[in-house]
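Welcome! Please take a moment to look over the structure below before reading on.

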Amino acid sequence: MSASLALTHLVPLAKEVDENKVTPGVLGFIVFAVMALAVWGLMKSMNRHMGKVDFKEEADLKEPAPTGKASPAKG
């Protein structure tokens, strides 16, 4: 009985809604939720892969560091 009472109160509210107004509805929420879960999974995967990267750079001893002098022109 309470369900029918609730429906009688909701029906007038539904008629107040503009019938020409477009809303995303349940499908829009589901699409948004799936996209949010995909981004969360990608960020978690990226964080795991970035943890495996070694950022220590070894000094390159084969080439001397530039001193700022211009090299002589060949000619």
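Here is a short tour of this predicted model.

## The chain as a whole

Let's start with the overall picture. The chain has two helices and zero strands. How many of its 75 residues count as buried? The share is 0%.

## Helix H2

Helix H2 covers residues 25-52. With 28 residues at 1.5 Å a residue, H2 should span 40 Å, and its end C-alpha atoms lie 42 Å apart, which agrees. None of the residues of H2 is buried, so this helix lies largely in the open.

## A nonpolar patch

Which residues form a nonpolar patch on the surface? They are Val39, Met43, Met46, Met50, Val53 and Phe55. Together they have about 610 Å² of accessible area.

You will find Val53 in the segment after helix H2. Its relative accessible area is 41%, so Val53 is partly exposed. A residue needs over 30% to belong to a patch, and Val53, at 41%, is one of the members here.

Notes
Residues numbered from 1 in each chain as written. Predicted model: local features only at pLDDT ≥ 70, side-chain atom pairs only at ≥ 80, totals over all residues. Heavy atoms only, no water. Patch = residues over 30% accessible without salt bridge, like charges linked within 9 Å, V, L, I, M, F, W, Y side chains within 5 Å. Areas by Shrake-Rupley, 256 points an atom, 1.4 Å probe, with all protein chains shown as cover. Salt bridge = Lys/Arg side-chain N within 4 Å of Asp/Glu carboxyl O. Helix = DSSP H or I, 4+ residues; strand = E, 2+ residues; numbered from the N terminus. Buried < 20%, exposed > 50% of the residue type's maximum accessible area, 1.4 Å probe, protein only. Expected span 1.5 Å × (residues − 1).
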